[in-house]
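The sequence and structure are shown first.

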Amino acid sequence: MWVAWREGTLTRAKELEALCVWLRSRDPRKNDEVLATAIQHHLTAAREAAQVKKLNPPRRFRIFRNGPLIERATSNLDAAEAHLLNLASGEYIHGQMPCLLRHVQVHLPPTDPRRQEFERIARKLGIKDPDHPLLQNGKEPTLEQKIETVEEERRKIITIVRAASSAALREHVRLRSFRNIVVVTAVLMSLLAIGVAITGFFRPTLIPLCFAPQESGKSIVVCPTAQSEPFVPVGGPPQPGVPMRDIDDVVEATAKRQDLIVVELVGLTAAAIATAAAIRRIKGSSERYGLPVALAALKLPTGAITAFLGLLLMRGQFVPGLSALDTSAQILAWALVFGYAQQLFTRLVDQQGQTVLDNVRGADRPRPGPNPET
């Protein structure tokens, strides 16, 4: 993913450079040296971004440069293409109009006056647009008239195309920002899960996930990896052959260092299964920021935390009727359930991520078909 955009940038830069030389040789314009020099500067900056040139002035911390480098390469390529349209002849721009129209429609909303103006120019050039079909009785303009129209509207065409490119870049910036939020959240959740596991390892009685079911006046303490012998709680009626013990002492003796680690591993395993099941809903995308991967990674530490918190709520008798589990297997089974239940929380994040991806309206995004009722 990180290499692919660099290769694409270098290819596009070479293509624009060749077009610049070709256009200047076919139709030289007055003072075109200024634009040609600017194009070369933009292409050089794009290549430097793709090749990850050293910063000038140098900086000590250079992590997380991939996003800014993509923005630098993209914005410079867009600027070079806009200058190229200024250099190009009316005939060349006329040939590019269908592609430019598609670019504008993809990245500018239908209510944007710039898009509406561009569509008006396209209809004037006889370009058929499914959203705005030509009039049946409209007379097709000649090639000379089309080129004359392009020359008259050249500034508008270039300005609107540049605006569409800027809108596309802002869409990717929003996508990268959301991706970064998801990654930071996943890292924090991972640190929290590790902190809980370390706390349980060094202080197993600080947050014990143990239950004390009672039957016939006798109790046992059940923890995720061990359980005690039957005993009579202090203050209860004595029973022959059954020791009377304080429940806190029994919990301290039964709770093990690995209890919280095992619970979180079970929750993480359940979350991994939920992540694997969610792969069937993931669609391929041409965006370069790996948002689906970040969303999948968020589920794993979330599953570990929800398994821990769910059992903690049950131990606190927050869930009526499920306050006393009888065996260690039941505790781990509920940890599995709570770990998979992280899907209830991360599903909202998945939906927001899909919304952000849909806003990056590239050519791979399916567009709605015509309404049969209209």
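A disulfide is a pair of cysteine sulfur atoms within 2.5 Å. The model examined here is predicted, so local features need pLDDT of at least 70 and side-chain atom pairs count only at pLDDT 80 or more, while totals for chains, interfaces and linings use all residues. Residues are numbered from 1 along each chain as its sequence is written, and side-chain values use heavy atoms, with hydrogens and water left out.

A search of the whole structure finds one disulfide, which joins C210 to C223 with an S to S distance of 2.0 Å. The torsion about the S-S bond of C210 and C223 is about 105°, and the disulfide is therefore right-handed. Residues with under 20% relative accessible area count as buried, those over 50% as exposed and those in between as partly exposed (1.4 Å probe, protein chains only). C210 is buried because its relative accessibility is 5%, and C223, at 0%, is likewise buried.

Attention now turns to the helices, which are DSSP runs of H or I with at least four residues, numbered from the N terminus. Helix α9 (residues 259–278) packs on helix α10 (residues 291–315) at an angle of about 135°, with the axes 7 Å apart. Axes are lines fitted to C-alpha atoms over the stretch in contact, and angles run from 0 to 180 degrees between N-to-C directions. In contact, meaning heavy atoms within 4.5 Å, residues including L260, L268 and T275 of α9 meet residues of α10, among them A296, F308 and L311.

Terms used
Helices (H or I, at least four residues) and strands (E, at least two) are DSSP runs, numbered from the N terminus.
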